[in-house]
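Here's a quick tour for anyone meeting this structure for the first time. Have a look at the sequence and the model, then read on.

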Amino acid sequence: MKKLLTLLAVSTLLFACEKEKEDKDKTNTFKSEEVTVYHGKSWSSVTLDKDGVPQQLALILDSNVLRTVYTGPSTPDHHHDNDLLIPIHSKGVEATPFKFIMLNWNPNGHEPEHVYDKPHFDIHFYLTNSGEVMNYTDEAKLESLPALDYLPANHVPGPAVPMMGKHWIDLATPELNGQPFTQTFLFGSYNAEVVFYEPMITLDFLKTTKTFERTIPQPAKVKKTGYYPTKMKVSKKDDGTTSIILDGFVKRQAS
């Protein structure tokens, strides 16, 4: 009987430990509304742990998006399909600094020539809401630069785009150092504030890549206390969906 009681006690303890681990590891994923992209769909999702701490924020493209995006000459008829606003679920807006995603499809790439002139997606994760971004038209504010501590080292200002922001480019990125462009990571500013994080990824890379992970360059300071991503991932599932993921969130204090 004593042995039986001991075994029961050990089993109970093991079950309690396992249950505690399951509760600790439990996550919840919240999906946004879907947006039509050519003949496919795109949406975002945010994954939180049991305490509401963000684990991942992802933009998801179904297989039809990558299969049907327009790749001919840029024309006004296709412009409305190329710039789309993807919502972030309210749980993601509460848990992360990000408010929405602007998905831009560039069928012929963009400047500079021989660097970014491949068909690719610009994926802007905005720290400000869409109404503000649509008013990013003041030329002086587009050219007003943040203090360099709020941008990663080695980043230099590039083009300023109305209703988007000024782009900051990593001088160490491979495509600026003799290698072909496949993916890169940029930041954006407006009125001396950092306003977006931006993975920029070619169509070919997304079509052919099953899994990918890279670090996100980190600024010395952030303006707002919150959880910020340290990694960017690409993940393709068996159902054909491709996710571009901000991952490795860490809490940073405003300074």
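What follows is a short briefing, grouped by topic.

This is a predicted model, in which local features need pLDDT of at least 70, side-chain atom pairs count only at pLDDT 80 or more, and totals for chains, interfaces and linings use all residues. Residues are numbered from 1 along each chain as its sequence is written, and side-chain values use heavy atoms, with hydrogens and water left out.

**Salt bridges**

- A salt bridge here is a side-chain nitrogen of Lys or Arg within 4 Å of a carboxyl oxygen of Asp or Glu, and by this rule the count comes to 8.
- One of them pairs Lys31 with Glu34, with the closest N and O atoms 2.9 Å apart.
- Lys31 is partly exposed at 44% relative accessibility, and Glu34 is partly exposed at 42%. (Buried means under 20% relative accessible area, exposed over 50%, and partly exposed in between, with a 1.4 Å probe and protein chains only.)
- Another salt bridge joins Glu143 and Lys166, again with 2.9 Å between the closest N and O atoms.
- That pair links distant parts of the chain: Glu143 sits in the loop between α6 and β8, Lys166 in strand β9, and they are 23 residues apart. (Helices are DSSP runs of H or I with at least four residues, strands are runs of E with at least two, and both are numbered from the N terminus.)
- Glu143 is partly exposed, at 43% relative accessible area, while Lys166 is buried, at 6%.
- Lys233 and Asp247 also meet through their side chains in a salt bridge, at 3.5 Å from N to O.
- Lys233 belongs to strand β14 (residues 231-236) and Asp247 to strand β15 (residues 242-247), so this pair ties together parts that are 14 residues apart in sequence.
- Lys233 counts as partly exposed at 22% relative accessibility, whereas Asp247 is buried at 10%.
- Those two residues also belong to a network of salt bridges that links Glu213, Lys231, Lys233 and Asp247.

**The second largest pocket**

- The second largest pocket holds about 290 Å³ of space. (On a 1 Å grid over the protein atoms alone, a pocket is an open set of points with protein on both sides within 12 Å along at least five of seven lines, and lining residues have an atom within 4 Å of a point; grid points are joined across faces, edges and corners, and a volume is the space filled by probe spheres set on the points.)
- Its lining is made of 18 residues, and Leu127, Glu193, Val194, Val195 and Lys223 lie nearest the centre.
- Strand β11 (residues 193-202) gives the largest share of that lining, with 4 residues.
- By class, the lining has 11 nonpolar, 2 polar and 5 charged residues. (Ala, Val, Leu, Ile, Met, Phe, Trp, Tyr, Cys and Pro count as nonpolar, Asp, Glu, Lys and Arg as charged, and the others, Gly among them, as polar.)

- Leu85, Met134 and Met163 make a nonpolar surface patch of about 250 Å². (Patches are made of residues with over 30% relative accessible area and no salt bridge, joining like charges within 9 Å and nonpolar side chains (Val, Leu, Ile, Met, Phe, Trp, Tyr) within 5 Å; the areas come from the Shrake-Rupley method with a 1.4 Å probe, and for residues only the protein chains shown count as cover.)
- Met134 is in the loop between α5 (130-133) and α6 (139-142), and it is partly exposed at 33% relative accessible area.
- Met163 is in the loop between β8 (155-161) and β9 (165-170), and it is partly exposed at 40%.

- Glu111 and Pro112 are joined by a cis peptide bond, with omega about 0°, and Pro112 lies in the loop between β6 (100-106) and β7 (120-126).

**Buried strand residues**

- His124, in strand β7, is buried at 0% relative accessible area.
- His124 and Ile101 are 23 residues apart in sequence, but their C-alpha atoms are 5.5 Å apart in space.
- Thr184, in strand β10 (residues 183-190), is buried at 2% relative accessibility.
- The C-alpha atoms of Thr184 and Arg214 are separated by 9.4 Å, and the two residues are 30 apart along the chain.

Technical notes. 1 Å grid on protein atoms, 1.4 Å probe; cavity = no way out; pocket = protein on both sides within 12 Å on 5 of 7 lines; lining within 4 Å.
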